[in-house]
Amino acid sequence: MGDRYGLDKIGSMQFKTIEMLEFDDGRNSGASYRMTSMQLAGMPRNFEDMNELRVRLDEYYYDRLDGKEAQLETKCQISSNLFHKYLRFKGGRNITYENLAKFCVGVSLTVEEADELFRYRGKRLDVENLCDYILMCELENNGDIYEYIEDMKKYAGVKIRCIGEE
């Protein structure tokens, strides 16, 4: 099981993308605009998956970190204030790819458990995406948050933010 994913394989693999994909990767992702309630009424939404994601995040937070904010901040490098905003069912924020990945590494999820969380958020982990593959390697080999941050920088050229960094 330990040789399913490995950083040593990266040089011999071909990836479709090396980008850290955001969940809303449409043409206007990141754009700011307002919609009327009539426009919103016709849009499909999958609240069940988002609610399930929040439930699963909360379960892992209490099961793996004993609900301790200090452990969340140290092991996951996510501020407790921001994390609790992710958990709110009404008016909560949607968790970013980066913070979901950091959470998965920090609470030592398996690849399958992490894939489930990413599926609830809208995109499954893809072995042909370099950032996803590095995440899978860290999870498979029980890497910690600092190894993950270093490996993302080394292999993908992606800087992962730590608490206190802008």
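Is Glu 59 buried, partly exposed or exposed? Glu 59 is partly exposed, with a relative accessible area of 32%. Here, buried means under 20% relative accessible area, exposed means over 50%, and partly exposed lies in between, with a 1.4 Å probe and protein chains only.

Colleagues, the model before you is predicted: local features need pLDDT of at least 70, side-chain atom pairs count only at pLDDT 80 or more, and totals for chains, interfaces and linings use all residues. Residues are numbered from 1 along each chain as its sequence is written, and side-chain values use heavy atoms, with hydrogens and water left out.

I begin with the overall fold. The protein chain has 8 helices and 0 strands, and along the sequence its pattern reads α-α-α-α-α-α-α-α. Helices (H or I, at least four residues) and strands (E, at least two) are DSSP runs, numbered from the N terminus. Of the 166 residues in the protein chain, 40% are buried. The accessible surface comes to about 10,000 Å², and carbon and sulfur atoms hold 47% of that surface; the areas come from the Shrake-Rupley method with a 1.4 Å probe, and for residues only the protein chains shown count as cover. Among contacts between residues at least 6 apart in sequence, 68% join residues at least 24 apart, where contact means heavy atoms within 4.5 Å.

I turn next to charged pairs. Side chains of opposite charge can pair when their charged atoms come close. A salt bridge is a side-chain nitrogen of Lys or Arg within 4 Å of a carboxyl oxygen of Asp or Glu, and a search of the whole structure finds 10 of them.

Let us return to Glu 59. Its side chain meets that of Arg 56 in a salt bridge, at 2.5 Å from N to O. Arg 56 counts as buried, at 18% relative accessibility.

Arg 56 also forms a salt bridge with Glu 116, whose closest N and O atoms are 3.5 Å apart. This pair links distant parts of the chain, since Glu 116 lies in helix H6 and Arg 56 in helix H2, 60 residues apart. Glu 116 is partly exposed, with a relative accessible area of 23%. Elsewhere, salt bridges with shared partners join Arg 4, Glu 112 and Glu 140 into one network.

A further salt bridge brings together the side chains of Asp 126 and Lys 16, at 3.4 Å from N to O. Here too distant parts of the chain are linked: Asp 126 sits in the loop between helix H6 (111-121) and helix H7 (130-140), Lys 16 in the segment before helix H1 (37-41), and the two are 110 residues apart. Asp 126 counts as partly exposed at 26% relative accessibility, whereas Lys 16 is exposed at 62%.

Which helices does H7 pack against? The buried residues of H7 pack against H5, H6 and helix H8 (145-156). H7 is mostly covered, with 11 of its 11 residues buried; among them are Asp 132, Tyr 133, Glu 138 and Glu 140.

Now to empty space. Rolling a probe the size of a water molecule over the atoms shows where empty space is left. On a 1 Å grid over the protein atoms alone, a cavity is a set of points where a 1.4 Å probe fits but cannot get out, a pocket is an open set with protein on both sides within 12 Å along at least five of seven lines, and lining residues have an atom within 4 Å of a point. Grid points are joined across faces, edges and corners, and a volume is the space filled by probe spheres set on the points.

The largest cavity has a volume of about 40 Å³. Its lining consists of Val 105, Ser 108, Leu 109, Glu 138, Leu 139, Asn 142 and Gly 143.

The second largest pocket has a volume of about 210 Å³. It is lined by 13 residues, of which Leu 82, Lys 102, Arg 161, Cys 162 and Glu 165 are the closest to its centre. Helix H5 (residues 97-106) gives the most to this lining, with 3 residues.

I close with the backbone. Most residues other than glycine have a negative phi, and most peptide bonds are trans. Asp 66, not a glycine, has a positive phi of about 55 degrees, and Asp 66 is found in the loop between H2 and helix H3 (69-76). Gln 77 likewise has a positive phi, near 55 degrees, and lies in the loop between H3 and helix H4 (80-87). Asp 66 counts as partly exposed at 48% relative accessibility, while Gln 77 counts as buried at 9%.
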